Amino acid sequence: MTFQDIFKSSFLDNVNSVSLLDMALSLVLAFGIGLFIFLVYKKTFSGVMYSSSFGVTLVAITMITAMVILAVTSNVVLSLGMVGALSIVRFRTAIKEPLDIAFLFWSIAVGIVLAAGMIPLAVFGSVVIGVILLVFVNRKSVENPYILVLQCADQEAEGHAWAFLEHNTRRCAVKSKTARQGLVELNLEIRLSSGDTGFINTLAGMEGVHSAVLVSYNGDYMG
């Protein structure tokens, strides 16, 4: 073994396996589409608390995925090792909103498609997905569900409150009822015919009604 053989390594042979043009083009496009994904996420967010760090993560995931796939496609042996290396990665961060999963997969898919050289598919697919999310996520339902927590003094007051609600709401259903001495508490799911919630003030002022609390409800959180 000569002195040159000691420093001869296949690592140096892989330096030019991916051209600078391919790397620059993939990363720039990944950044651009990742930024588009971030803007769509910001426009369609409807959760409790907006996290700007998650939006930045979407951009980073798109670029990181593109970089990894570029390396994998340039070397078959490396692709096998990469599968084993990535299999030990575990993510412990809880996903609070179901829609966030779609944005994560969107970012990963764009990175894979870009690194595979399918630029038109990545661009056109991202535009279509973004438009669909903007249309459907921001679409407001005509009948917004609400939870009404009603406290009444007795059964008679409960009957008057129930009759009032049936007249002023589109739909009213009992979810739970708690009765104790001198107090009846109802949890009701109601659907409003319009966005006007002024009837709650009238309901709270009725004789025998201690309190009336109206909470917006979408199935995931209350707020």
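**Reading the packing around Leu203**

Mentor: Start with one residue in this predicted model. Leaving aside neighbours within four places in sequence, Leu203 is in contact with Leu148, Leu150, Ala161, Phe164, Leu165, Val209 and Ala212.

Trainee: Which residues of the largest nonpolar core touch the most other members?

Mentor: The general idea comes first. In soluble globular proteins, nonpolar side chains tend to be buried together. Here the largest nonpolar core has 19 residues, and those touching the most other members are Leu148, Leu150, Leu165, Leu188, Ile190, Phe199 and Leu203. E1, H8, E3, H9 and E4 each supply at least two residues of this core. A second, separate core has 16 residues, including Ile33, Val40, Leu104 and Leu114.

Trainee: Where does Leu148 sit, and what does Leu148 touch?

Mentor: Leu148 belongs to strand E1. Its relative accessibility is 0%, so Leu148 counts as buried. Not counting residues up to four places away in sequence, Leu148 touches Leu165, Leu186, Asn187, Leu188, Ile190, Ile200, Leu203, Ala212, Val213 and Leu214.

Trainee: For the chain, what share of contacts with a separation of 6 or more comes from residues 24 or more positions apart?

Mentor: The share is 69%. As for burial, 28% of the 223 residues of the chain count as buried.

Trainee: In what order do the helices and strands run?

Mentor: The chain has nine helices and four strands. From the N terminus on, the order is α-α-α-α-α-α-α-β-α-β-β-α-β.

Trainee: Now the helices. Which residues of H8 are buried?

Mentor: The general idea is one of geometry. An α-helix has 3.6 residues a turn, so residues three or four places apart point the same way. In H8, the buried residues are Ala157, Glu158, Ala161, Phe164 and Leu165. They lie on the same side of H8, because they cover an arc of only 130 degrees around the axis. The face turned away from the buried side of H8 carries the exposed residues Gln155, Glu156 and His167.

Trainee: What covers the buried residues of H8?

Mentor: The cover includes strand E1 (145–152), strand E2 (171–180), strand E3 (183–191), helix H9 (199–204) and strand E4 (209–216).

Trainee: How does the span of H8 compare with the one expected?

Mentor: H8 covers residues 155–168, 14 residues in total. From first C-alpha to last, H8 reaches 20 Å, close to the 20 Å expected at 1.5 Å a residue.

Trainee: Which residue caps the N-terminal end of H8?

Mentor: Asp154 does; one of its side-chain oxygens lies 3.4 Å from the backbone nitrogen of Glu156. The side chain of Thr169 reaches the backbone oxygen of Leu165 at 2.5 Å. Thr169 counts as buried because its relative accessibility is 10%, where buried means under 20%. Not counting residues up to four places away in sequence, Thr169 touches Ile190, Arg191, Leu192 and Phe199.

Trainee: Which residues of H7 are buried?

Mentor: They are Ala122, Ser126, Gly130 and Leu133. Seen down the axis of H7, these fall within an arc of 70 degrees, so they line one face of the helix. They pack against helix H3 (20–44) and helix H6 (98–115). The face of H7 turned away from the buried side carries the exposed residues Pro120, Leu121, Phe124 and Phe136. H7 itself covers residues 119–137 and has 19 residues. Its reach is 26 Å from first C-alpha to last, close to the 27 Å expected at 1.5 Å a residue.

Trainee: Last, the cysteines. How many disulfides does the structure hold?

Mentor: The structure holds zero disulfides. Cys152 counts as buried because its relative accessibility is 0%. Cys172, at 18% relative accessibility, also counts as buried.

Conventions:
Residues numbered from 1 in each chain as written. Predicted model: local features only at pLDDT ≥ 70, side-chain atom pairs only at ≥ 80, totals over all residues. Heavy atoms only, no water. Expected span 1.5 Å × (residues − 1). Buried < 20%, exposed > 50% of the residue type's maximum accessible area, 1.4 Å probe, protein only. Arc of directions from axis to C-beta. Contact = heavy atoms within 4.5 Å. Polar contact = N/O pair within 3.5 Å; in protein donor to acceptor, adjacent residues only side chain to side chain. Core = buried A, V, L, I, M, F, W, Y, C linked by side-chain atoms within 4.5 Å. Disulfide = S-S within 2.5 Å.
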